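The tour goes to the contact between the two parts and then to one side of it.

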Number of protein chains: 2
Amino acid sequence: MSTDAYARAGVHRDVAREIRWRIAEAVRSTWGAEVIAEWGAFAGLYRADLLWRMEKPVLVATTDGVGTKLKVAARFNRWETIGYDLVHHCVNDILVHGGRPLFFLDYIAAGRLDPDVIVRIVESVAAACREVGCALLGGETAELPGVYAPGELDLAGTLIGVVEHVRIRDGSRIRPGDHLLALPSSGLHTNGYSLARMVLAGLDWEKSLPELGTSIGEALLAPHRCYLEPIQRLESAGVDLKGLCHVTGGGVYENLPRVLLRGTAAVLRRGTWPEPPIFGLIQRIGRISDQEMFRVFNMGLGMLLVVPPQDVELALATLPGELRVVGEIMAGEQEVRVEM
Amino acid sequence: MSTDAYARAGVHRDVAREIRWRIAEAVRSTWGAEVIAEWGAFAGLYRADLLWRMEKPVLVATTDGVGTKLKVAARFNRWETIGYDLVHHCVNDILVHGGRPLFFLDYIAAGRLDPDVIVRIVESVAAACREVGCALLGGETAELPGVYAPGELDLAGTLIGVVEHVRIRDGSRIRPGDHLLALPSSGLHTNGYSLARMVLAGLDWEKSLPELGTSIGEALLAPHRCYLEPIQRLESAGVDLKGLCHVTGGGVYENLPRVLLRGTAAVLRRGTWPEPPIFGLIQRIGRISDQEMFRVFNMGLGMLLVVPPQDVELALATLPGELRVVGEIMAGEQEVRVEM
């Protein structure tokens, strides 16, 4: 065999090098003084002594992917927001526990690397990192011939954040009588895309639909919202956020029990919050039950907040027009009921 | 549509739940007192105050995958060591900079989740984490219908470690005249599998070959070695490890320059270290040039160590029979030469 057997085996080192070179500026743009990094290092270095002002810092870490929203992005060749989807999903997950983002690492793999696509994805990850104030400290781009379906790729990421020990939000003070408030989602965020794509497959995704106020493609690509800023505003205002719930895969039925202690349950009253119309379209076309809709999708509930009754007014006044009272905590055994 | 449209769209929530339940014990077995974790949390919590004894701790982070070694594991349905491949790759990467492992997060994705396979993979990741003394703090298992080729899956992970700032190994003291020592690899580790699989495709992978002393399948599945323990022994003995180089994708040609400062170069003398026979077989069958072999594979050089001349004897005495002098640092412009 000749000089580049590896390329014939499906691994293109020159492409990997081109990508590393082209993403360098975007990645470096996320690095502050706490990053001790050399380009080409085996690992990223992040100065933890800048956290030393905390009494008892606790690191908070999560790994997530963006699911088959990737296939929607690929269909429209729209990669500018997929990094926001990934980073925001992770930021919201650590925010639930009180964590603030420090640094992020991404993983991108494909059967064959398309440098233009990979560069655009990493640039969007870097842009999202900059906006939430975290460093894109490292990552891996892998070419895995035969593992992925032709033209497909996967994207995942890991976020490391920090929280002061006494400020860890663990839901331990949640009591019957507390109110459930919601910050709205922008759409599906990063969950339920396999179902949505199957149900909507026969429709035109580019035509604007009056019912949506946009096209199906645009509605499906709406970026996963980040709740860092509104949650920080509520905390600054002095609202007692006893618990947060990021509504991701499994919907309210599977996510809300994660913050409910024994002896508590939750009721949500449908109609008290706006549901992005894409959900109604999916439900109607797919003839899907309410139960399953709430088990797969966030249904407009992006982040749920457990707030004591006396703080509800302050919370609503702090984020006027955005926050809704959507239900309450009851006595019970960790079950979640949606009153339809 | 009926009650489980999501399953018909290819996402099986019941399987995901079964997996979460079955991996719980293995994951928890990696948790020490520093982990503040609840099963089902949105993110993992790790007490950083246990690091407070350090003067200026620096976090060290890396994300890696195991490449198409996965396809070899799948062919033999052998998942017991794939977690070691993943964790050891990451441990070696942070070790280069002086980092010690703290916690790990894994990412597994497939077109369709086979719970038995996923559980075995996570159990092997957990076992590897236990052995290197790090917590498996979190992870994500994703079912992505249509993204992966039928029957395929991908596995990646992120390791967070720590190093005292003054002990960061950055290669800045490497000088011409320093010696290059090598810790042997066990085989391909996690790089070059696409090429090896293509070249060896026509052979019987189960039959023992005298040249290998084992079968091709066994030789290819040899786990990625972990160099944490031998490196710690050298450090404890007082050997000045000026630089380390984990030989991964790109071989010595692409990895060694990552630790070479301007004004330095490296020469390696082939024949001074043992080459696992699988490399000779791949080269002969594939008629691959020496250059390309050293550009794709580690060729038996698992971890390279840059040691000043006066410490070489102590190093060899500390790890007798394992460590070899394989070359030296010269004046030059960051190039790597292998004398064949």
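Between domain 1 and domain 2 of chain A, about 2200 Å² is buried, with carbon and sulfur atoms giving 63% of that area. Buried area here is the accessible area (1.4 Å probe) that two parts lose on being put together, summed over both. The model is predicted: local features need pLDDT of at least 70, side-chain atom pairs count only at pLDDT 80 or more, and totals for chains, interfaces and linings use all residues. Residues are numbered from 1 along each chain as its sequence is written, chains are lettered from A and ligands numbered from 1 in the order in which they are written, and side-chain values use heavy atoms, with hydrogens and water left out.

Select 5-167 of chain A for domain 1 and 179-339 for domain 2; these bounds come from an automatic or database domain assignment. Their C-alpha centres lie 26 Å apart. Contact (heavy atoms within 4.5 Å) involves 22 residues of domain 1 and 27 residues of domain 2.

Next, show Arg100(A) and Glu235(A): they form a salt bridge, with the closest N and O atoms 2.5 Å apart. The rule (a side-chain nitrogen of Lys or Arg within 4 Å of a carboxyl oxygen of Asp or Glu) finds two salt bridges across this interface.

Then select α3 (69-75), α4 (82-95) and β3 (100-110) of chain A, the elements that give two or more residues to the side of domain 1 touching domain 2. Helices (H or I, at least four residues) and strands (E, at least two) are DSSP runs, numbered from the N terminus. α4(A) gives the most to that side, with eight residues.
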